[in-house]
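Student: Can we go through this model together? I'd like to start with the charged pairs and then move on to the helices.

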Amino acid sequence: MSAFFTDTVPGLFNYWVVIALMMIGFYTVIAHDNLVKKLIGLNVFQTSVFILYISMGKIHGATAPILIDGPQNDHAVYAHPLPQVLILTAIVVGVSTTALGLALIVRIHEAYGSIEEDDVLAADFATQDAEQAEEAERSRAAKAAERHAPAGGDDGAEERQQR
């Protein structure tokens, strides 16, 4: 049993790091109301996924996938380049997504004056309530004006039809 722990656990170090980073990123996203901190938490989580894929794609004793003529390379084990290419693409997408997120946070700060999620939601709900009250007032005023209009009154519709 102790041989299992001495041989296996150190070999799984990358996966323990992945689990730790995933939980740190997930906790950061859930526990904090600051939008910048949430974005940082998403980046930490994303980094853990990168490490996971890189760890899964590693082959012990493999060399870079560059073909070189010679007898020493006849039986060489090559690492598969696809996981590396996918991670490079994901890093570029992650950087651009982070830039977009930061731009949205700047715009939210300009619109609401805060980057705290609770403040933004409270301001948004207050605006929504004010708009609903304004719409209800307009609806009441339109119904009141409709009741006071004469039944056979001239609304100008006949004149518009003649034109």
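**Charged pairs and helix packing**

Tutor: E110 and R107 join their side chains in a salt bridge, 3.9 Å from N to O. A salt bridge here is a side-chain nitrogen of Lys or Arg within 4 Å of a carboxyl oxygen of Asp or Glu. The model is predicted, so local features need pLDDT of at least 70 and side-chain atom pairs count only at pLDDT 80 or more, while totals for chains, interfaces and linings use all residues. Residues are numbered from 1 along each chain as its sequence is written, and side-chain values use heavy atoms, with hydrogens and water left out.

Student: Where do E110 and R107 lie?

Tutor: Both are in helix α4, three residues apart, about one turn of the helix. Helices are DSSP runs (H or I, at least four residues), numbered from the N terminus.

Student: Is E110 buried or exposed?

Tutor: Exposed, with a relative accessible area of 57%. The classes are buried under 20%, exposed over 50% and partly exposed in between (1.4 Å probe, protein chains only).

Student: How many salt bridges are found in the whole structure?

Tutor: Five. R138 and E135 form one of them at 3.3 Å, N to O, and R140 pairs with E137 at 3.1 Å between the closest N and O atoms. R138 and E135 sit three residues apart in helix α5 (residues 117-148). R138 also belongs to a salt-bridge network with E134 and E135.

Student: Changing topic: how do the axes of α3 and α4 cross?

Tutor: At roughly 180 degrees, coming within 11 Å. The axes are lines fitted to C-alpha atoms, for helices over the stretch in contact, and angles run from 0 to 180 degrees between N-to-C directions. The two helices are therefore roughly antiparallel, a label for angles over 145 degrees.

Student: Which residues meet there?

Tutor: Among them, L39, F50 and I54 in α3, and I87, G94 and L102 in α4. I54 is partly exposed at 49% relative accessibility.

Student: And S48, buried or exposed?

Tutor: Buried, at 0% relative accessible area. S48 lies in α3 and, leaving aside neighbours within four places in sequence, is in contact with V18, L21 and M22. Contact means heavy atoms within 4.5 Å.

Definitions and conventions:
Parallel < 35°, antiparallel > 145°, perpendicular 65-115°, else oblique.
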